[in-house]
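I opened my notebook to get to know a new protein chain.

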Amino acid sequence: MSQAEVTVYSRPGCPYCYLLRRGLRRRGVTFTEIDIWQQPEAAAAVRAVADGNETVPTVHVAGRWLVNPRAAHVQRLANNGK
């Protein structure tokens, strides 16, 4: 079974981002990480889905945006879209 693309939007020093990355790695979920401080368009995308805030981690997976999700939720969506 193939995994849906997972993109994690984060920023340096974010403890919640660290925990999510660790959880995803433990579950074998591959992901691309984007630093919103380095990419203004990524920061704008996060603000668009997080009520105007730069809340991280924000994840795009299986056509959905998730703000500060649990790794298990991201894994479910990545593996079967539900």
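How many helices and strands does the chain have? I counted three helices and four strands, keeping in mind that the model is predicted. Reading along the sequence, I wrote down the pattern β-α-β-α-β-β-α.

**Overall build**

Next I looked up how compact the chain is. Its radius of gyration is 12 Å, close to the 12 Å that the globule rule gives for 82 residues, so the chain is as compact as a globular protein of that length. I also noted that the C-alpha trace spans about 35 × 25 × 15 Å along its principal axes.

**Charges**

I listed 11 positive and 6 negative side chains. The centres of the two sets lie 14 Å apart.

**One aromatic pair**

How many aromatic pairs does a search of the whole structure find? It finds one. The ring centres of Tyr9 and Trp65 are 5.4 Å apart and their planes are at 35°, so I logged the pair as tilted. Tyr9 lies in strand 1 (residues 6-10) and Trp65 in strand 4 (residues 64-67), so the pair ties together parts that are 56 residues apart in sequence.

Is Tyr9 buried or exposed? Tyr9 is buried, with a relative accessible area of 11%. Trp65, at 33% relative accessibility, counts as partly exposed.

Key
Residues are numbered from 1 along each chain as its sequence is written. This is a predicted model: local features need pLDDT of at least 70, side-chain atom pairs count only at pLDDT 80 or more; totals for chains, interfaces and linings use all residues. Side-chain values use heavy atoms; hydrogens and water are left out. Helices (H or I, at least four residues) and strands (E, at least two) are DSSP runs, numbered from the N terminus. The radius of gyration is taken over C-alpha atoms; the globule rule is 2.2 Å times the number of residues to the power 0.38. Lys and Arg count as positive and Asp and Glu as negative; His and the chain ends are not counted. The place of a charge is taken as NZ of Lys, CZ of Arg, CG of Asp or CD of Glu. Rings of Phe, Tyr and Trp (its six-membered ring) pair if their centres lie within 6.5 Å; planes under 30 degrees apart count as stacked, over 60 as edge-to-face and the rest as tilted. Buried means under 20% relative accessible area, exposed over 50%, partly exposed in between (1.4 Å probe, protein chains only).
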